[in-house]
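Have a look at the sequence and the structure first.

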Amino acid sequence: MKEFFGFGGYTREAEGFLSWQHLTFVGSLLLAMVVLAIVLGKQNQQKEEKAKNKVLIWSALLIDGVEILKIVMLCLRSGSSEAILYNLPLFLCSVQLIAIPLAAFTSGRIKEAALDFVCIFGILGAVFGTIGAAQNYGVYPVLSLDNVASGITHSISGFASLYIMFSKMASLKRKNISITFAILGFFCVAAYVANIILDYNYMFLVAGDGTPYDILYNLVGGSPVFYPLGVVALFVLYIVVFYSVVLYFKKKKGGKDTVEKAAEEEKIKVNI
């Protein structure tokens, strides 16, 4: 257990980013994430919102519980509370530590916007934070506190995202797009300020750090201006594309439903 939690440092070497151990571990997590989300989502699809919401409540409690346990262990391991400062919910994936509880415990438009935010970014964070997490799997052993806790929290984010989709809890209304942008903007600004104060890399606004953002970082030559702006631009583009696709299919489905309804009404008239 001492080796798992890393007290005194890990004696085992990291198996490496994209090693078979890394891919087997995250592959198992992602498979469980997808299967559970589909099964529970389909199972609860026709149930009332209160019943659907119970799954989100458990997701919120689990994701925050695991993260708090990890931070406590990191503080004990380092003998300092400084670990808290470097584990703030200021990465795109760790924002879900706040967004999922908001989706589970609030109501009205705030709940709608939180559900949409989790739906949009949860699955993205799950993939990037497991398969694409070179900054973790290239440094720590796969079966260690750092990677296991990270893998679980990212998988819960992805699960919540898919569950919201399959249970049809997401509204993805046009009027909530501005709130989604506002949430993203707030956390990007907070991350940028925290990076200046702590000399850290929240939201990967300073460097790619072994993630797919390295492509953009190299493309702009590591510019301290264009790189963070480029990262935020990618977030915005992702939101625009996501909403555009959803609204397109909603419109298409709405048109189809209208035609079918008219045909049914005409059939009734003929029978009369």
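## Before we start

Helices here are DSSP runs of H or I with at least four residues, numbered from the N terminus. The model you see is predicted. Rolling a probe the size of a water molecule over the atoms shows where empty space is left.

Counting cavities of 30 Å³ or more gives 1. The largest cavity holds about 50 Å³ of space. Which residues line the largest cavity? Its lining is made of V95, I98, A99, L102, A114, F117, I183 and F187.

Three helices, α4 (96-105), α5 (108-128) and α8 (177-198), each bring at least two residues to this lining, and α4 gives the most, with 3 residues. By class, the lining of the largest cavity has 8 nonpolar residues, no polar and no charged.

## The largest pocket

About how much space lies in the largest pocket? The answer is about 930 Å³. Its lining has 40 residues, and K70, N87, F91, N136 and Y200 lie nearest the centre. These 40 residues divide into 20 nonpolar, 14 polar and 6 charged.

At least two lining residues come from each of α3 (49-78), α5, α6 (134-137) and α7 (145-166). The largest share, 6 residues, belongs to α3.

## The second largest pocket

The second largest pocket has about 410 Å³ of space. Among the residues lining it are C119, I164, M165, K168, F249 and K253. Here α7 and α10 (226-271) each supply at least two residues, with the largest share, 5 residues, coming from α10. This lining has 7 nonpolar residues, 1 polar and 3 charged.

Notes. Residues are numbered from 1 along each chain as its sequence is written. This is a predicted model: local features need pLDDT of at least 70, side-chain atom pairs count only at pLDDT 80 or more; totals for chains, interfaces and linings use all residues. Side-chain values use heavy atoms; hydrogens and water are left out. On a 1 Å grid over the protein atoms alone, a cavity is a set of points where a 1.4 Å probe fits but cannot get out, and a pocket is an open set with protein on both sides within 12 Å along at least five of seven lines; lining residues have an atom within 4 Å of a point. Grid points are joined across faces, edges and corners, and a volume is the space filled by probe spheres set on the points. Ala, Val, Leu, Ile, Met, Phe, Trp, Tyr, Cys and Pro count as nonpolar, Asp, Glu, Lys and Arg as charged, and the others, Gly among them, as polar.
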